[in-house]
Amino acid sequence: MTTRRNFLRAAGASLALPAIGRASEKLPSKRLLAIHVPLGMMPAFFFPKADETSSPYLDLLAAHKSHFSTFAGVSHPGVDGNHHAGQCFLTGAPHPGQPTFRNSLSLDQLVAEKIGLDTRFPSLAVSVRKGDHYADSISVSRSGVVLPAETSAERLYRRLFVAGTPDEIAATMRRIEAGGSVLDLIMDKAKRIEKSAAPQDRERLDQYFQSVRELETRLQRNIEWEKRPKPKVDYPQPKDIADANEVIARSKLMFDLIRLALQTDSTRVVTLTLSTFSVVPHVPGVKSETHGLTHHGNEPEKMAELRKIEEAQLNVFGDLLKAFRGVNETGGSLLDHTQVLYGSCLGNANSHSNQNLPLILAGGGFKHGKNLSFDSQNNTPMANLFVSMLQGLGIDAGKFASSTGSMPGLDLV
């Protein structure tokens, strides 16, 4: 009988992967970067008023106005549960706060399946902090399993750009093969359990088997990529920032590494969580913990502090857009070829509302410079935006999650 270990060994010789350097011989690939801000943004400062085209927060991004669009009156139908909703930002799976909740495939993972398989990392999940409230990662596999996010800039840099020594590569290969043998063992045990499992347990076992198959696929790819050289970049290896309150500096560092990862075609799909839960961000004028400030009760002093934090986050986002625009590629810039989604599954953290989500979509070849506004009571599904994004990436998609079509008013150039 052919074991998974033997299969993994054979896969190293048979797995078809692109030749290094191929990316430079053709037009740049399309990419996706999705950024989640778990605590949202205060609606009064984000959304333009009815007779206006900008807002205090959007004014901070004025230099990039023609490169992004904003959306009002958009949410995920059925996605409730206040902070629980964060895990559904890219999935739209309903009722995340219920005990029987099972998540579904996230947008980034579908995109990774379609356009990410020619790169070393089909996708990357990154976070500026660890252990946050339902917000560690927004990447979810087909089996509904949240994919862990990398929180160390130093580790991320090494994974992307530092070649291992022969001994390190050999050790990695041994770990990959050991992973295959472990899969053999647990799958054998699971198959025996399945024979006697009650009907209500079969679904959980099916989910488990699908997770194992996904892991096997990643192991197969790792075997071949481990033998290939990593790109060289003119950027020194960073040191991790130990202070958890330095969330703005951590965000800047992760933005730099994400730009390099996309620019070198090490990946084409990235998710990033920018959480400020349980910290007092090192922002001038801020002395209180962010989560507490979001429950400001409309007290001017608390709102003023929270505004400083949210403005600092948006200023860093503006720096990212500037950096992406500054990377020239065939046919445009890195931003022209990258869809950058920035937003939250909290429409109003003060009331724990999951309606009227603050959303920005930049770049990606769309006609921007718009504020698209929909019914504030009967919201347009956010998944409609996902359908338009998928189509903009060249992926044939008529539906995703709760979508009812594509996003009205959002057109490609």
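Where in the chain is the place of Asn-82? Asn-82 sits in the loop between strand S3 (74–75) and helix H4 (107–115). Helices (H or I, at least four residues) and strands (E, at least two) are DSSP runs, numbered from the N terminus.

This is a predicted model, in which local features need pLDDT of at least 70, side-chain atom pairs count only at pLDDT 80 or more, and totals for chains, interfaces and linings use all residues. Residues are numbered from 1 along each chain as its sequence is written, and side-chain values use heavy atoms, with hydrogens and water left out.

**Confidence**

- pLDDT is the predictor's confidence in each residue, from 0 to 100.
- The protein chain has a mean pLDDT of 87, and 78% of its residues reach 70 or more.
- Over residues 4–24 the pLDDT is below 50; beyond near neighbours in sequence, this stretch has 39 contacts in the model. Contact means heavy atoms within 4.5 Å.

**The sheet and its helices**

- An open sheet is formed by 7 strands, in the order S4-S5-S1-S8-S9-S2-S10, with mixed pairing. Two strands pair if DSSP finds at least two bridges between them.
- At the edges are strand S4 (124–127) and strand S10 (371–373), and each pairs on one side only.
- From one strand to the next, the twist averages 15°. Axes are lines fitted to C-alpha atoms, for helices over the stretch in contact, and angles run from 0 to 180 degrees between N-to-C directions.
- Strand S8 (residues 338–343) and strand S9 (residues 359–363) run antiparallel, joined by 5 bridges. Tyr-342 stands opposite Ile-360 in S9.
- Helix H11 (residues 382–392) packs on the sheet and touches S1, strand S2 (68–72), S8 and S9. Its direction makes about 165° with that of S8.
- Helix H8 (residues 247–263) lies across strand S1 (31–36), S4, strand S5 (269–273) and S8. H8 runs at about 175° to S5.

**Positive phi**

- Most residues other than glycine have a negative phi.
- Asn-82 has a positive phi, near 45°. Asn-82 is partly exposed, at 27% relative accessible area. Buried means under 20% relative accessible area, exposed over 50%, partly exposed in between (1.4 Å probe, protein chains only).
- Asn-298 also has a positive phi, near 65°. Asn-298 lies in the loop between helix H9 (290–294) and helix H10 (300–325). Asn-298 is exposed, with a relative accessible area of 55%.

**Aromatic pairs**

- The structure holds 5 aromatic pairs. Rings of Phe, Tyr and Trp (its six-membered ring) pair if their centres lie within 6.5 Å; planes under 30 degrees apart count as stacked, over 60 as edge-to-face and the rest as tilted.
- One of them is the tilted pair of Phe-45 and Tyr-57, at 5.7 Å centre to centre and 35° between the planes.
- Phe-45 lies in helix H2 (residues 43–46) and Tyr-57 in helix H3 (residues 56–59), so the pair ties together parts that are 12 residues apart in sequence.
- Phe-45 and Tyr-57 are both buried.

**Salt bridges**

- The whole structure has 9 salt bridges. A salt bridge is a side-chain nitrogen of Lys or Arg within 4 Å of a carboxyl oxygen of Asp or Glu.
- Glu-305 bridges to Lys-287, with the closest N and O atoms 3.3 Å apart. Glu-305 is buried, with a relative accessible area of 8%, whereas Lys-287 is exposed at 66%.
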